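Hi there,

Here is the structure I said I would pass on. Have a look at it first, and then read on for what turned up.

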Amino acid sequence: MRMNKDDLALEKAIMSGDTDLVYMVVMHLKDNLTLGEFLMAIRYHPVALSLYIKYCKDQDRRTLVDLFYQDDQFMNSGNAFVQDSYSEKVSHKVACMLSCLGGDLVECCFIILFL
């Protein structure tokens with residue numbers, strides 16, 4: 001990577017079978033390339049692409065949606081939006097439940113049931 005042979009480094013990391021090494025190269029590429037260049041670089045390496053998608057599912061949901069949209073994977077993009085909406089709704093319910101602990105129990109039940 002220090003020799004600016006990023007594509008070769010990615011290929012060698014994939015051939016080694018070491019996922020940590022692949023993650024390291026992918027993150028290096030992500031930090032040093034524009035988003036378009038980065039996505040084009042990993043598009044032709046299915047192992048790197050699938051590891052990056054796994055990373056995005058856990059760490060960067062917005063980029064995941066953009067990645068699916070760019071690859072015309074509209075079903076996966078829609079699924080990611082739906083999953084995000086459910087997780088936001090659940091976290092909002094938990095926040096309401098926690099704020100209601102010191103309040104009126106009837107009001108809390110009403111809020112939780114109709115959110």
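Where is the place of His45? His45 sits in the loop between α3 and α4, where helices (H or I, at least four residues) are DSSP runs numbered from the N terminus.

Before the rest, some housekeeping. This is a predicted model, in which local features need pLDDT of at least 70 and side-chain atom pairs count only at pLDDT 80 or more, while totals for chains, interfaces and linings use all residues. Residues are numbered from 1 along each chain as its sequence is written, and side-chain values use heavy atoms, with hydrogens and water left out.

His45 counts as buried because its relative accessibility is 12%; buried means under 20% relative accessible area, exposed over 50%, and partly exposed in between, with a 1.4 Å probe and protein chains only. Not counting residues up to four places away in sequence, His45 touches Asp7, Leu10, Glu11 and Ile14, a contact being heavy atoms within 4.5 Å.

In α3 (residues 35-43), the buried residues are Phe38, Leu39 and Ile42. Seen down the axis of α3, they fall within an arc of 95 degrees, so they line one face of the helix; the arc is that of the directions from the helix axis to the C-beta atoms. They pack against α1 (6-16), α2 (19-32), α4 (46-59) and α5.

In α4, Ala48, Leu49, Leu51, Tyr52, Ile53 and Cys56 are buried, and their cover includes α1, α2, α3 and α5. The length of α4 also checks out: at 1.5 Å a residue its 14 residues should span 20 Å, and the end C-alpha atoms are 20 Å apart, which agrees. The expected span here is 1.5 Å times one less than the number of residues.

What holds the most contacts inside the largest nonpolar core? That core has 22 residues, and Leu10, Val22, Val26, Phe38, Ile42 and Tyr52 have the most contacts inside it. Each of α1, α2, α3, α4 and α5 supplies at least two residues of this core, and the largest share, six residues, comes from α4. The term covers a set of buried Ala, Val, Leu, Ile, Met, Phe, Trp, Tyr and Cys residues joined through side-chain atoms within 4.5 Å. Val22 is in contact with Leu10, Ala13, Ile14, Ala48 and Leu51, leaving aside its neighbours within four places in sequence.

Rings of Phe, Tyr and Trp (its six-membered ring) pair if their centres lie within 6.5 Å; planes under 30 degrees apart count as stacked, over 60 as edge-to-face and the rest as tilted. By this rule the count comes to three aromatic pairs. The rings of Tyr52 and Tyr55 have centres 6.0 Å apart and planes at 25 degrees, so this pair is stacked. These two tyrosines are three residues apart in helix α4, which means that about one helical turn separates them. Tyr52 counts as buried at 1% relative accessibility, whereas Tyr55, at 25%, counts as partly exposed. For Tyr69 and Phe74, the ring centres are 5.6 Å apart and the planes are at 70 degrees, so that pair is edge-to-face. Tyr69 counts as exposed at 55% relative accessibility, and Phe74 is partly exposed at 48%. Phe38, Tyr52 and Tyr55 form one aromatic cluster.

How many salt bridges does the structure hold? There is one, taking a salt bridge as a side-chain nitrogen of Lys or Arg within 4 Å of a carboxyl oxygen of Asp or Glu. Asp66 forms it with Arg62, and the closest N and O atoms are 3.6 Å apart. The two residues are four apart in helix α5, so about one helical turn separates them. Asp66 is partly exposed, at 33% relative accessibility. After α5 comes Asp72, whose phi is positive, near 60 degrees.

Enjoy exploring it!

Best wishes
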